[in-house]
Amino acid sequence: MATIREIAEKSGFSIATVSKVLNHQAGVSRQTCDAIEKVAKNLNYRPNLSARNLKTGMSRTLGIIAEDLTVFNTPGIVDGVGVCCDAHRYHYILGNLRFDKRFGHRPGLQKEKTELVRDMLDEMLAKQVDGILYIGCHSHQVANLKRMGNLPFACSYSYSENPEIPSVVYDDRSAARSVAELFLAKGHHTIGIIAGEKDSIHTENRLLGFQEALFEGGVPYNPNLISYGEWNRDHGYRSIEALLEKGVTAVFAHNDLIALGIIDYCNKNSIRIGQDLDLVGFDDREIAEVCRPSLTTVSLPLFDIGYKAAEILLEEIEGKTPPERKILLECRIVERDSTGTAARS
C-alpha cells in the first residue's frame, strides 16, 4: 500500500501538503487537492484510520443501535443516517438488538430489553464511537440511555426518558388531520376509523388530529365508528363489516396492514374501494402501491428522520447545542386508487 511519502514524491508536493489533503485539512487550493487525490487514487492509497484516530482523539464513527433491522421503518432511517455520515466524512457501526424477532409484541420484558441495550452500549463504547444513535421499532419511550462520560446520544423513531437526549420522530397528529381533511374535501361525513391498540401513542395522536379536523369542518365526532385492535390484517378484515353496516362511506385505517384486511373483505364481498368506499392507510409500505386497488396512504419521512437525527448527533459531537430536543417531521399523503370518488349521496 502506498505511503504519504510515496504520494509526495510522485505528485511533486511536500509531505506536509500531502498530509493536509489526505486528512481533509484546510489551507490547500482546490487544484492542489485534485492533483494529490488523483495520485493517491492511482497508487491505491488507503488511510490508516486507527492511526488517524489515535492522533486526533476521534474515530469519526457513529454507533447505530437499532431495535430491529427487520421492522419496515428501520432501513429507510439507516439510509438517511448513512447519507448524512457520508456528507460529513463519518462512518457508522450498526448494531441490531432484534427486539421484534426476540420478543414479538409481548408486553413487559423491560428488564430483558434494557440489559440488551446496555450490552450493546458497552460494545459501541469499546469500539470508540464518537456518538450513538438509537432507532426504535415504534415511536415509543425507550429506557433511560444515560450518557457515559461526554458521549452524545440521539434517538430516532423513539424518544428517551432523559429529556436531555434529542429525538426525531414524525408528526402523527398532523398527518391524521390531513387524512380527515382529505375525506371532508371529498364530501364524506360518516367516516369510520379502524385503529391499533387503544393505549398506543400512535392511536392517541392520530385520533386527536382526526377529531380536530372534524371539529373544524363542522362534522360531529362519533366514537361508535371506531374499532380498536391489533396492528394487523386480520383486525381490518374483522372490523370493516360492522362499520359498513353503520353506513360509513370512508375509512381511515391506522396502518397499511389493517387497510389490506379491509381490501380483502371488500374484494370478497364485491364492494368497490375507491367507488363504494374510500380508504386511507398509514405508513406507505411497498404493498400499498401494488395491491389492488392501490392504497392511498400516509408516507413517513423515514430518510429525513435518519438524516436529521444524525445531523443533530454530529452537531453535538462538534460541541454545538441543537436548537430543539424533540423534533417532529411532517408526513405526506400519497393519493392512489382507494380514494377515487366523492361520497355517496
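## A first look at this predicted structure

Cys266 is buried, with a relative accessible area of 0%. Keep in mind as you explore that this is a predicted model.

**Cysteines**
- Cys137 also counts as buried, at 6% relative accessibility.
- The count of disulfides comes to zero, going by a cut-off of 2.5 Å between cysteine sulfur atoms.
- In general, a disulfide is a covalent bond between the sulfur atoms of two cysteines.

**Strands β5 and β11**
- Strand β5 (residues 167-170) runs parallel to β11, and the two pair over four bridges.
- Within this pairing, Ser167 sits opposite Lys326 of β11.

**Thr339**
- You will find Thr339 in the segment that follows β12 (332-334).
- Thr339 has a relative accessible area of 3%, so it counts as buried, the limit being under 20%.
- Leaving aside residues up to four places away in sequence, Thr339 touches several others, among them Leu182, Phe183, Lys186, Gly274 and Asp278.
- Leu279, Val280 and Thr296 are also among the residues that Thr339 touches.

**Glu123**
- Glu123 belongs to helix α7 (residues 110-126).
- With a relative accessible area of 39%, Glu123 is partly exposed.
- The side chains of Glu123 and Lys127 are joined by a polar contact of 3.2 Å.
- Gly63 lies 60 residues from Glu123 in sequence, and their C-alpha atoms are 9.5 Å apart in space.

Key:
Residues are numbered from 1 along each chain as its sequence is written. This is a predicted model: local features need pLDDT of at least 70, side-chain atom pairs count only at pLDDT 80 or more; totals for chains, interfaces and linings use all residues. Side-chain values use heavy atoms; hydrogens and water are left out. Buried means under 20% relative accessible area, exposed over 50%, partly exposed in between (1.4 Å probe, protein chains only). Contact means heavy atoms within 4.5 Å. Two strands pair if DSSP finds at least two bridges between them. A polar contact is a pair of N or O atoms within 3.5 Å; within protein, one must be able to donate a hydrogen and the other to accept it, and residues adjacent in sequence count only if both atoms are side-chain atoms.
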